[in-house]
Amino acid sequence: MEKHCTDSRVKGVSTGTTILAAIFDGGVVIGSDSRASIGGEYVSSKTINKVIQVHDRIFCCIAGSLADAQAVIKTAKFHLSFHSVQMESPPQVIAAASVLKDLCYKNKDELQAGFLTAGWDKKNGPQVYVVSLGGMLISQQVTIGGSGSTFIYGYVDAKYKPNMSKEECLQFATNALALAMGRDNVSGGVAHLVVITEKGVEHVVVPGDKLPRFHDE
Amino acid sequence: MALANIFETPAPGFNFDNTARNAALEGLFDGGKTPKPLKTGTTIAGVVFKDGVVLGADTRATSGEVVADKMCAKIHYISPNIYCCGAGTAADTEKTTDLLSSNLTIYALNSGRNPRVVMAINILQDMLYRYHGQIGANLILGGVDCTGNHLYTVGPYGSVNKVPYLSMGSGDLAALGILENGFKPNLELEPAKDLVRAAIQAGIMNDLGSGNNIDICVITKQGVDYIRPYQESQYKDNRKIKYKYRPGTTPVLTEKVIPLKLEVVQETVQKMETA
């Protein structure tokens, strides 16, 4: 296994990813690619799951070191579940984001993981939060993350409109992921998308060959 | 949590007691380095088939450029329905899987339930993550439980992935080619065993750190079939003479017996209360 490790800043398996989340009229779409790499050269998994459910209507996307992200998410799931039992009601999306932020900030020296949290709660409806590497927490309408995000800032800024319909937003997200996967070497595989609304949760998986093509002849 | 007597959480942080010992040892070796840890330089593979999981491994353990063990067992027992292949540092994979096996057995006895593969994976992940990659264990864990047939991989930093087929170790790329080509969902038993055998064979042929025999372990709902070896190396050595020496081969010239004088210093009697 040592031969796979080069001087990547992330030790072990990295998600080297493209993740995004966007609010539409009545819900939120959160999605990611599915590639995990070691050292930026070896694809250790073509089908890794980066969109993880932390509660009934709250999902998180992970970026950075896979081991760190999985460990943080595990802890966060437990804390959130406990909090939800104590409060006798489903947690707010901000609660999930805060738990992640707390873990990332307090352990910023040891951890290399960033998260997008998206979900729906009764009080504030659909929300998207970003917890970055050092533990900053901000709320946004639409956000992208991971190494592949650098290639789609222009697309997202130009094409995102508030209050899109669910179908428009899904198409926007699929296009954005496809564009990023097409340009970033450590993003790829399939596009995992999750649509969260008051009514429930819907998983959409777009296999690599069904992704929209952009000048790919 | 429930059943907290399983894992006594060790004191936080690292224990550096051995660094003083290592420094002292280094002095003893006349400027040379302390012995390198034994790495298994391995090819291991696993495949989920229709009725269960097939795990395979080569049997070579290397220490630098020398083959230290030609019949090393790399498929470790975890529980009656779960087995684990280990690549990386031999001691780490051995001890980690031992610890896991003990903890799962205690859990099964305490809870009255058969262990599930996800629980094994969670324990492994927690343990390896806590050591931040210092434990060099790349493991493929496969098993059959009430929820189905599962195959997982755990990396040394604690990352977990659930997969239908996988190979690890220094020969992983060679084996992965065979697996990628031959894998289909819901294979039958014989094609699955042959696929794993072919994958390990590719690793043995194309990687210097892998070699000798191929072990196969088939886990199904009915039970486990641990075939060791499944395929023997065609380059087996034939010893020319016998190396066992019968007693009396070396003549005894003199014998001196010194009895140890022991004094009874203290004697206490404690009655056992059985009432």
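In this predicted model, Cys61(A) stands opposite Leu116(A) in β8(A). Strand β7 of chain A spans residues 58–64, and strand β8 of chain A spans residues 113–121. Seven bridges join the two strands, which run antiparallel.

| Helix | Residues | Strands touched | Direction |
|---|---|---|---|
| α1 (chain A) | 66–87 | β6, β7 and β8 of chain A | about 20 degrees with β6(A) |
| α2 (chain A) | 93–106 | β6, β7, β8, β9 (125–131) and β10 of chain A | about 165 degrees with β8(A) |

The sheet itself is open and has five strands. Its order in chain A is β6-β7-β8-β9-β10, with antiparallel pairing. The edge strands are β6 (51–55) and β10 (137–139) of chain A. Each of these pairs on one side only. From one strand to the next, the twist averages 25 degrees.

Helix α4 of chain B covers residues 172–182, and helix α5 of chain B covers residues 189–206. They pack at an angle of about 150 degrees, with their axes 7 Å apart. Angles over 145 degrees count as roughly antiparallel, so α4(B) and α5(B) are roughly antiparallel to each other. The crossing in which α4(B) passes α5(B) is right-handed.

Which residues of α4(B) meet α5(B)? They are Ala174(B), Ala175(B), Ile178(B), Leu179(B) and Gly182(B). On the α5(B) side stand Leu195(B), Ala198(B), Ala199(B), Ala202(B), Gly203(B) and Asn206(B). The residues of this contact of α4(B) with α5(B) comprise eight nonpolar, three polar and no charged.

Conventions
Residues numbered from 1 in each chain as written. Chains lettered and ligands numbered in written order. Predicted model: local features only at pLDDT ≥ 70, side-chain atom pairs only at ≥ 80, totals over all residues. Heavy atoms only, no water. Pairing = 2+ DSSP bridges. Helix = DSSP H or I, 4+ residues; strand = E, 2+ residues; numbered from the N terminus. Axes fitted to C-alpha atoms, helices over the stretch in contact; angles between N-to-C directions. Contact = heavy atoms within 4.5 Å. Parallel < 35°, antiparallel > 145°, perpendicular 65-115°, else oblique. Left-handed = near helix turned anticlockwise from the far one by under 90°. Nonpolar A, V, L, I, M, F, W, Y, C, P; charged D, E, K, R; others polar.
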